[in-house]
Amino acid sequence: MNETAPARARAEIDLAALRANVRTLRAHAPAAALMAVVKSDAYGHGAVRCARAALDAGATWLGTATPEEALALREAGLPGRIMCWLWTPGGPWRAAVEADVDLGISGLWALREAAGAARAAGRTARVQLKADTGLGRNGCQPGDWPELVAAALRAEAEGLVRVTGLWSHFACADEPGHPSIGAQLTAFREMVTYAEKKGIRPEVRHIANSPATLTLPETHFDLVRTGIATYGISPSPALGTAAELGLRPVMTLSAALALVKRVPAGHGVSYGHHYVTPGDTTLGLVPVGYADGIPRHASGTGPVLTGGKWRTVAGRVAMDQFAVDLGGDQPAVGERVVLFGPGDEGEPTAEDWARAAGTIAYEIVTRIGTRVPRVYVNIESSPS
Ligand SMILES: Cc1ncc(COP(=O)(O)O)c(C=O)c1O
C-alpha cells in the first residue's frame, strides 16, 4: 500500500470543535450538569474519543441508548456517570449494574429486571424513572406513574435500587412555540412533584435535549442531555444555523477523486441514466456511496466542493460511488472532494446534505458507515 496516497474517503473529527461545543452548551445551562449523548457511536463521530473529549470539556455524564453502548464505554475506561435508556427484556441488566451504569426505567417490567439483577449482583442498581409526558414513545404514562413510583419505593426499601433520576424527553423542542412544549413541561413538573411527595429523592431531574438546552432555559432542571449540538450541528433550521447558535461542526467528510474523464454530450450517467450530460464535459468519480451512508435520496441533488467549486451529484448515488459533472475542468485524480464540513472553506454542510436528501442533519452524520475511517484531529485539549 502506498502510505502517501490519498485515502479513498475519511471523516475528520475535530475534537477541539467538540470541546468548544460542550463549553458553549454548558454556558447555556450554567446551573445544570451536562450529559453528552454519545449513542450510535456518538452520532457517527466515534463514541470513545468523543466521550473523552466531552468529559475534558466539562460534561459529567455520558448518555447512550443501548446498554451495550454504555458497557462499551466502561470497558474503554470511561469514568463517571453513564446512563442508558433503551432496554428490552433479558438485556444485560446485571453487567450494567456491575458497571455502575444508571438505568433508564420506563415500566414495571424493567424495574423488576433491574431489581433482579441487583439482587444477583449483590449491589444496588441506580435507576432513573422515565415519564412519558407526551412524546408517546418510551416512558411511563401518567396513569401508570403511581404504580411505578410505589414499586420503586419498595425496591429502594429493600436496598435493591436507588432512584437517582426522574426524567422525560421532548417531542417538539425544535419547533419554537409548539404548544406541546409547555404541556410536556407541566406534565413533567406534576410527575416529579408526585414522586417526590411519595418519598423519591432524585439526584437529577432532566428533560432537555439540544434544542431545549439552546432555547428553553426553563427546561434545564439539574441536567441537560445534548446530542446533536455537541457535534456542532443545529437541531433544526428553525433555530438558526450552527454558527448562529455558536456551534462548530465536528465532522468533515471528504473523498479522493477516483477517476476524471472526458465524455461527450448525451452520455447517460450512473444507474437508470437519470442524468445525461448536456454537452461535452468531464465527469469525476467520487468513491463513496450509500454503503458509506451517502443518502441515495441525494441522487441528483447532493452538493460537494472540489477545485473551489460546488458540484452536484450527477444521477444516482450507487452503493460505493457517485459521479459529479465537472463541466470540463480536469482536476487530477486523487484531488480532494469535500462532501460536508464546517462550511468555512466554502464546503457544504451536513445541513445542506439534509436539505438535498429530504432528511435531517442527524441522519446524515449518524449514517456514515464503518468503511469510512474516522481521523481524529486536535485530540489534546490545550491547557487552560
Ligand atoms: C432520551 C434522549 N435524550 C437526549 C437525546 C439527545 O437529543 P439531541 O440530539 O436532539 O440533543 C436523545 C436523542 O435522540 C434521546 O433519545
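This dialogue goes through some features of a predicted model.

Colleague: What should I know about the model before reading it?

Modeller: The model is predicted, so local features need pLDDT of at least 70 and side-chain atom pairs count only at pLDDT 80 or more, while totals for chains, interfaces and linings use all residues. Residues are numbered from 1 along each chain as its sequence is written, and side-chain values use heavy atoms, with hydrogens and water left out.

Colleague: Which residue does the UniProt modified residue annotation cover?

Modeller: UniProt positions are given in the numbering used here, with shortened feature names, and annotations may be inferred rather than shown by experiment. The unreviewed UniProt entry has "modified residue: N6-(pyridoxal phosphate)lysine" at Lys39. Lys39 lies in helix H2, residues 39-44. Helices (H or I, at least four residues) and strands (E, at least two) are DSSP runs, numbered from the N terminus.

Colleague: Is Lys39 buried or exposed, or partly exposed?

Modeller: Buried means under 20% relative accessible area, exposed over 50%, and partly exposed in between, with a 1.4 Å probe and protein chains only. Lys39 counts as partly exposed because its relative accessibility is 27%.

Colleague: Which residues does Lys39 contact, leaving aside neighbours within four places in sequence?

Modeller: Contact means heavy atoms within 4.5 Å. With those neighbours left aside, Lys39 is in contact with Gly63, Thr64, Ala65, Glu69 and Trp85.

Colleague: Which residues come nearest to the ligand?

Modeller: A residue is near a molecule or strand if one of its heavy atoms lies within 4 Å of it. There are 15 residues around the ligand, and Lys39, Tyr43, Ser210, Gly227 and Tyr362 come nearest.

Colleague: Which polar atoms lie 2.8 Å from a nitrogen atom or an oxygen atom of the ligand?

Modeller: A polar contact is a pair of N or O atoms within 3.5 Å; within protein, one must be able to donate a hydrogen and the other to accept it, and residues adjacent in sequence count only if both atoms are side-chain atoms. A polar side-chain atom of Arg225 is 2.8 Å from a ligand nitrogen atom. A backbone N or O atom of Gly227 lies 2.8 Å from a ligand oxygen atom, and a polar backbone atom of Ile228 is 2.8 Å from an oxygen atom of the ligand. On its own the ligand has 390 Å² of accessible area, and the protein covers 92% of that. Accessible areas come from the Shrake-Rupley method with a 1.4 Å probe; for residues, only the protein chains shown count as cover.

Colleague: How many residues does helix H8 have, and what covers its buried residues?

Modeller: The expected span of a helix is 1.5 Å times one less than its number of residues. Helix H8, residues 179-198, has 20 residues and reaches 29 Å from first C-alpha to last, close to the 28 Å expected. Its buried residues include Ile181, Leu185, Phe188 and Val192. Their cover includes helix H7 (145-157), strand S7 (161-167) and strand S8 (204-206).
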